[in-house]
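Please read these notes beside the model.

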Amino acid sequence: MSDHLRILIVAGGTGGHILPAISFGRWIEERNLPAEVTYLCGNRELETSIYRALGISPIVMPLSGSPFGVKGFRSILRWKELFVFLAKVHKLVKEIMPDVILLFGGYLSVPFILASSFLHVPIVAHEQNAVAGKATRLCSKRGIPVLAGWEECLFLDSGTFTTVGVPIRRIKFMDRQSAWESIGGKGIVPSKKFVMVMGGSIGGYSLKQSIIEVAKRDSLKNHIFVLIGGDGRPGIQQVSGNVLNVPPSWDLSAHFSLADYAVTRCGASTLSELICYDVPGVLVPWENASDGHQLMNAKLFLRLGKGKIWRENESIDQLEDMLLEVSNLHRTLNYDECDAKRNEICVRFWDAMSFSMKGEGPIGRV
């Protein structure tokens, strides 16, 4: 192995897998570490659009998703894609010649896990959620070191994984007026409380409908709810008097600068960003998340962050009460401290990855 480390990052599926992977890669670039990063993803539009929006050209594999969760012809097609790719993994790795392969979970990891015994390249997996996904569990069974985002990782025994945290995006803070203009706002920024509403890659529609309904309450007239994701049209779109749609963005610097608090699904990456940048949140776990991992993420968030958990089987009155309570939790931002927290996560990741590459396996909790 040369002094210049070649890292193959395998990350696809949803933003919850891809964004932490890119965040770690970007940190390597920022620190000018002696490493070269290559990204690999599937061919779904969601995956390629995230990389494209962030100016990254990954290796795109002819894989369109997990064969689980779909039925009929789509499932058969995905199984075929998976086995065809599995047969090509060794050749692909031989061409790229990585010194280490980092798996960020999801369906795209499976071929590399199955082929791990004959690739002759160290493989390290990262689990973003507080519940180990199927791919992560398979990694653990095959002796692949697992780095975890939280102190707990359901389905993995204590001592079989290393807690490093979830790599997150670097937020460049700006004043509120600049942030307002950056998201497309006109005129002087309103002197109201801004609420950042993040529905995630999937499961966002019902959350947004709940927000549109609760925002009509008189008690929340002084709050502006910013729905990130929009309706496909450019610029800000007014949904109602105090609810705005804004286009999707993978750089949330303006949104984090403007937000007084957030309402969000409970993907691990999103919650880790709220913790690092001290944004209080009303957390709404997606009820259909596999193995209930979003609820588990939310519960662990409350140990480190500020907020409340609202379940969608609860009343809108309860949501209103939680929004008002969380809106009174003040952010105590220290920009240098936030950057130090982000750096600390990536340093732990780098050190644990380097340790595992020596064949010494998991090192317990950091």
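1. Arg217 is partly exposed, at a relative accessible area of 25%; the class runs between buried, under 20%, and exposed, over 50% (1.4 Å probe, protein chains only). Its side chain meets that of Glu320 in a salt bridge, 2.7 Å from N to O, the term meaning a side-chain nitrogen of Lys or Arg within 4 Å of a carboxyl oxygen of Asp or Glu. Arg217 sits in the loop between α8 (205–214) and β9, and Glu320, 103 residues apart from it, in helix α12 (residues 316–327). Helices (H or I, at least four residues) and strands (E, at least two) are DSSP runs, numbered from the N terminus. Glu320 counts as buried, at 13% relative accessibility.

2. This is a predicted model: local features need pLDDT of at least 70, side-chain atom pairs count only at pLDDT 80 or more, and totals for chains, interfaces and linings use all residues. Residues are numbered from 1 along each chain as its sequence is written, and side-chain values use heavy atoms, with hydrogens and water left out.

3. Arg265 and Glu312 also form a salt bridge (3.0 Å, N to O). Arg265 lies in the loop between β12 and α10 (268–276), Glu312 in the loop between β14 (307–309) and α12. Arg265 is buried at 2% relative accessibility, while Glu312 is partly exposed at 25%.

4. A salt bridge joins the side chains of Arg176 and Asp260 (3.8 Å, N to O). Arg176 is in helix α7 (residues 176–182) and Asp260 in the loop between α9 and β12 (261–264), so the pair ties together parts 84 residues apart in sequence.

5. The salt bridge count comes to 18.
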